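Here is a short briefing on one protein model.

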Amino acid sequence: MMPSFINFNGEVVPADTAMLTISNRAFKYGDGLFESMRLVNGQLKFADLHANRLQNGMRDLKMDGYSNLDAWFLKEKAEELAIWNKVKQGRIRLTVYRDAGGLYTPNDNRSGWCMELEPDQGLAYQLNHRGVIMNVYNELLKPINYLSNHKTCNSLLYVMAGVYKMQHRLDDVFILNQHGFLCEALSSNVFVWYDNHLYTPALSEGCVAGVMRQVIIDSAVERDIPVTEAQINPDILNEADEVFLTNATKGIQWVMGYGVKRYFNKLSKDLIDELNTM
């Protein structure tokens, strides 16, 4: 089912309307960032966390207008778009771009935005029935800098990792940072359950500051599950009892295999049950 309408800078228009010009900086330079969010029963999940990350990203990209894109804005626009599209469940994507001319150097820092809704039938977060098969992608390493934690429109690293995944018939890949330590997956954060302790790469390791990552960390802490955000050698993947991926649209996806290694999914099941009560 394709969406019928999008919201472009506050105007709801048919989704197939031509809106961007050839001078758009997101197209030319990847000069923007985006949020992927989930709509459940017509309501946007974790709007406060998404707004916080979005505004931090806009500040770091030195874009104007970030104070207007708060949680109230996200909820209002997402719920309005759901009504226009006559759906209650789906994936929301908000793209924010620097709305200016210039070459590499912009002549303005004002921002523009576009919100899309991709409907689905999921009434709750669903744990994948078949576990994900993964391997390490090391043809490109992710650099660590103050933009690394944001979901920017400059996504060639992930595109190339996706090509690698497809060529090697994998479901997903582990991405390493510039020092060769575990960073994230293709579109998710990574959690490793080892020796009754939950580990995830620290934000200082260059991973995206995932909304679901923070939700799962908070949930684990509340349940007295020991959690450590750390620098993680990928060798731990050979010893782990369980590995799972998190993002805001899918929730939790459990990993079944890495090379010849196989994992369980007990903790993944427990955490996704908890997630669906929030």
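R213 sits in helix α5; helices (H or I, at least four residues) and strands (E, at least two) are DSSP runs, numbered from the N terminus. This is a predicted model: local features need pLDDT of at least 70 and side-chain atom pairs count only at pLDDT 80 or more, while totals for chains, interfaces and linings use all residues. Residues are numbered from 1 along each chain as its sequence is written, and side-chain values use heavy atoms, with hydrogens and water left out.

**R213**
- R213 counts as buried, because its relative accessibility is 1%. Buried means under 20% relative accessible area, exposed over 50%, and partly exposed in between (1.4 Å probe, protein chains only).
- Leaving aside neighbours within four places in sequence, R213 contacts N189, F191, T200, P201, A202, L203, C207, V208, E229 and T246. Contact means heavy atoms within 4.5 Å.
- I252 is 39 residues from R213 along the chain, and their C-alpha atoms are 9.5 Å apart.

**Helices α5 and α6**
- Helix α5 (residues 211-222) packs against helix α6 (residues 266-275) at about 100°, with axes 11 Å apart. Axes are lines fitted to C-alpha atoms, for helices over the stretch in contact, and angles run from 0 to 180 degrees between N-to-C directions.
- That angle makes α5 roughly perpendicular to α6. Angles of 65 to 115 degrees count as roughly perpendicular, under 35 as roughly parallel, over 145 as roughly antiparallel, and the rest as oblique.
- From α5, M212, V215, I216 and S219 meet L271, E274 and L275 of α6.

**Nonpolar cores**
- The largest nonpolar core has 24 residues, of which L54, L74, I92, L94 and V96 touch the most other members. Such a core is a set of buried Ala, Val, Leu, Ile, Met, Phe, Trp, Tyr and Cys residues joined through side-chain atoms within 4.5 Å.
- Two or more residues each come from β3 (32-40), α2 (47-60), α3 (71-85), β5 (90-98) and β6 (111-119).
- Helix α3 gives the largest share, six residues.
- Another core, of 20 residues, lies apart from this one; I217, A220, F244 and L267 are among its members.

**Cysteines**
- The disulfide count is zero. A disulfide is a pair of cysteine sulfur atoms within 2.5 Å.
- The closest cysteine sulfur to that of C114 is in C153, 11 Å away, so the two are too far apart for a bond.
- C183 is in no disulfide either; the nearest cysteine sulfur, in C207, is 5.6 Å away.
- C183 counts as buried, because its relative accessibility is 1%.
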